[in-house]
Amino acid sequence: MVEREPITVLCSEKGWLRAVKGHIEDTSEVRYKEGDRGKFVVRAHTTDRLIVLTTDGRFYTLACDRLPGGRGQGEPLRLMIDLGDEQEPVAILVHQPDGRLLVASNQGRGFLIEEAEVIAQTRSGKQVLNVIAGEQAAACVVVPPGADAIAIVGTNRRMLIFALDEMPTMTRGRGVILQRYREGSLADVAAFTLADGLSWRSGPGVRTEVNLEPWIRKRGQPGQKVPRGFPASGRFH
């Protein structure tokens with residue numbers, strides 16, 4: 001039996017992972033190795049499992065009670081899973097057995113998948129998002145209960161919103177075209193409830209746009225220029 005205790009999982013840009021006791025809200029004081037910095041912060045519990053999506057479209061599973069502790073700098077993620085030198089983590093999430101995810105590539109293709117389908121039983125992971133030469137997995141986001149819309153934005157700063165039910169639910173594949181790019185690639189994607197508006201970080205706060213009609217189109221279109229004040233990072237969160 002594993003005692004349920006809160007932890008904060010920290011993973012650096014160079015792939016060093018550790019689990020610190022407690023849920024850390026302010027991570028500005030967290031220290032990393034010289035020349036490295038933070039990339040993923042996940043608040044979890046020792047009884048949870050983490051799911052990791054990497055650029056080759058594979059999912060890996062990690063048990064939180066077996067993660068290296070937070071006294072040192074942790075251990076390289078590559079020692080915990082069979083991750084190739086040319087691959088990098090795209091997302092690290094707490095596994096929700098009844099949850100649903102949206103996975104997408106940098107070419108703007110993707111699909112919905114039940115979280116139960118991405119659990120890997122071995123260190124070699126599980127291939128889920130198939131990618132071709134020049135393509136990489138680029139996004140993996142939770143689809144909240146009640147969500148009915150998808151927002152996707154490209155590095156060309158064009159945003160498109162379409163109905164969630166225009167997306168297929170699959171267990172493996174390349175998926176369908178979510179957004180077309182003449183120039184650029186996928187920057188970020190989000191699933192949300194249209195009636196609540198679309199939110200993104202704006203400085204220290206959060207801005208919510210409720211007048212979304214200019215960006216609502218059918219799936220697979222290029223989209224319109226992002227709203228005024230949209231982050232320079234091109235990301236919702």
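This is a predicted model: local features need pLDDT of at least 70, side-chain atom pairs count only at pLDDT 80 or more; totals for chains, interfaces and linings use all residues.
Reader: What makes the largest space a pocket?
Author: On a 1 Å grid over the protein atoms alone, a pocket is an open set of points with protein on both sides within 12 Å along at least five of seven lines, whereas a cavity is a set where a 1.4 Å probe fits but cannot get out. The largest pocket has about 1,200 Å³, a volume being the space filled by probe spheres set on the points, which are joined across faces, edges and corners.

Reader: How do you know which residues line the largest pocket?
Author: Lining residues have an atom within 4 Å of a point. The largest pocket has 30 of them, and Phe 40, Leu 93, Cys 140, Arg 235 and His 237 lie nearest its centre.

Reader: What makes the lining residues of the largest pocket nonpolar, polar or charged?
Author: Ala, Val, Leu, Ile, Met, Phe, Trp, Tyr, Cys and Pro count as nonpolar, Asp, Glu, Lys and Arg as charged, and the others, Gly among them, as polar. The lining therefore divides into 19 nonpolar, 4 polar and 7 charged residues.

Reader: Why are S3 and strand S6 (75-76) said to stand at the edges?
Author: Strands are DSSP runs of E, at least two residues, numbered from the N terminus, and two pair if DSSP finds at least two bridges between them. The open sheet runs S3-S1-S2-S6, with antiparallel pairing. S3 and S6 each have a single partner strand, so one side of each lacks a neighbour in the sheet.

Reader: How do you know that strand S1 (residues 6-12) and S3 pair?
Author: They share 7 bridges in the antiparallel sense, against the required at least two. Cys 11 has Phe 40 in S3 as its bridge partner.

Author: Residues are numbered from 1 along each chain as its sequence is written. Local features need pLDDT of at least 70, side-chain atom pairs count only at pLDDT 80 or more, and totals for chains, interfaces and linings use all residues, while side-chain values use heavy atoms, leaving out hydrogens and water.

Notes: Helices (H or I, at least four residues) and strands (E, at least two) are DSSP runs, numbered from the N terminus.
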